[in-house]
Amino acid sequence: MKLIGRTLSPFVRRVAATLNFYGLEWEALPLSTVTDGAEIARHNPLGRVPALVLADGEVLVDSAAILDHLDSLAGPAALTPPAGAERRAVLRAVALGVGAAEKSVQAYYETQRRPEALRWAEGAEKLIEQARGGFAALEAMLEGGFLCLGRLTQADVTAVIALDFADKVLPALGEGRYRRLRALSARLNADPRVGGTRFAT
Ligand SMILES: N[C@@H](CCC(=O)N[C@@H](CS)C(=O)NCC(=O)O)C(=O)O
């Protein structure tokens, strides 16, 4: 399998870490949305990452759809339970992590990637507050060692990767906040299956 996109993207990175957890063979194609748009669009008409090219050439797009497929390959080892209350609990926490990642990405674009004259400070502040809301909700859930079910799930992987992204591109967003999430992040990142997916530069 080929994973398209750089692991700076929290969506690409959660797929990379999940591939590692499931022990699946994969290759990185670290294309940048900034400089490799045309090549990315050959795989995903939306021009977005991640995309996952399967062995037979089928291409999956969107991290949630990709994880759905990987979970089906992982069977009982899947990081998201297959049904019922456990699945709902994990998906709710995953949605908070994905939402915090989305708002962090948008805040990063609003504060740094958009031409300076077009930046909207008030809009950026709202995005930052929304991301903080997601992270704070996850922080409040972290009483034991993991977010859900007393064991590692996709909620932990997604939350930690979302916070790593925010810390990298917009440190002020999470500065001095989310002590328990940071402890979880330290534990997960000590595992090369997660830590090894960190974006290098
Ligand atoms: N819902 C998508 C979001 C993917 C996404 O927003 N990717 C960003 C990188 S973090 C991207 O490719 N942006 C380029 C663009 O949309 O032009 C997923 O979970 O895969």
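Mentor: Gly 37 is partly exposed, with a relative accessible area of 30%. That term covers the range between buried (under 20% relative accessible area) and exposed (over 50%), with a 1.4 Å probe and protein chains only. This is a predicted model, in which local features need pLDDT of at least 70 and side-chain atom pairs count only at pLDDT 80 or more, while totals for chains, interfaces and linings use all residues. Residues are numbered from 1 along each chain as its sequence is written, and side-chain values use heavy atoms, with hydrogens and water left out.

Gly 37 sits in helix α2. Helices (H or I, at least four residues) and strands (E, at least two) are DSSP runs, numbered from the N terminus. Gly 37 and Ala 83 are 46 residues apart along the chain, and their C-alpha atoms are separated by 37 Å. The loop between α2 (37-43) and β3 (51-53) contains Pro 50. A cis peptide bond links Val 49 to Pro 50, with omega at about 5°.

Now α4. This helix has 30 residues and spans 41 Å from its first C-alpha to its last, close to the 44 Å expected at 1.5 Å a residue. The expected span is 1.5 Å times one less than the number of residues. Buried residues of α4 include Val 90, Val 94, Val 98, Ala 101 and Tyr 108. Glu 110 is also on the buried list of α4. The cover over the buried residues of α4 includes α1 (10-21), α5, α6 (154-169) and α7 (171-174).

What about α5? It has 21 residues and reaches 30 Å from first C-alpha to last, close to the 30 Å expected at 1.5 Å a residue. Among its buried residues are Gly 123, Leu 127, Ile 128, Phe 135 and Leu 138. Arg 132 and Glu 139 are on that buried list as well. The buried residues of α5 are covered by elements including α4, α6, α7 and α8.

Next, how the helices pack. Two packed helices are described by the angle between their axes and the distance between the axes. The axes are lines fitted to C-alpha atoms over the stretch in contact, and angles run from 0 to 180 degrees between N-to-C directions. Helix α4 (residues 84-113) and helix α5 (residues 121-141) pack at about 155°, with axes 8 Å apart. They are therefore roughly antiparallel to each other. Angles under 35 degrees count as roughly parallel, over 145 as roughly antiparallel, 65 to 115 as roughly perpendicular and the rest as oblique. The crossing of α4 and α5 is left-handed. Left-handed means the near helix is turned anticlockwise from the far one by less than a right angle; right-handed means clockwise.

Now the residues at that contact. Contact means heavy atoms within 4.5 Å. On the α4 side they include Arg 92, Ala 93, Leu 96, Gly 97 and Lys 103. On the α5 side they include Ala 124, Leu 127, Ile 128, Phe 135 and Met 141. By class, the contact of α4 with α5 has twelve nonpolar, six polar and three charged residues. Ala, Val, Leu, Ile, Met, Phe, Trp, Tyr, Cys and Pro count as nonpolar, Asp, Glu, Lys and Arg as charged, and the others, Gly among them, as polar.

At 22% relative accessibility, Leu 96 counts as partly exposed. Leaving aside residues up to four places away in sequence, Leu 96 touches Gly 134, Ala 137, Leu 138 and Met 141. Leu 96 and Gly 84 are twelve residues apart in sequence and 19 Å apart in space, C-alpha to C-alpha.

Another helix pair: α1 and α6. They pack at an angle of about 140°, with their axes 9 Å apart. That makes α1 oblique to α6. Their crossing is right-handed. Pro 10, Arg 13 and Phe 21 are among the α1 residues in the contact, and Gln 154, Asp 164 and Phe 165 are among those from α6. By class, the contact of α1 with α6 has seven nonpolar, three polar and three charged residues.

Asp 164 turns up again. Ser 185 touches Val 160 and Asp 164, not counting residues up to four places away in sequence. Ser 185 lies in helix α8 (residues 179-189) and counts as buried at 9% relative accessibility.

Last, two loop residues. Leu 149 has a positive phi of about 60° although it is not a glycine. Leu 149 lies in the loop between α5 and α6 and is partly exposed at 32%. Tyr 178, also not a glycine, has a positive phi of about 65°. Tyr 178 lies in the loop between α7 and α8 and is buried at 7%.
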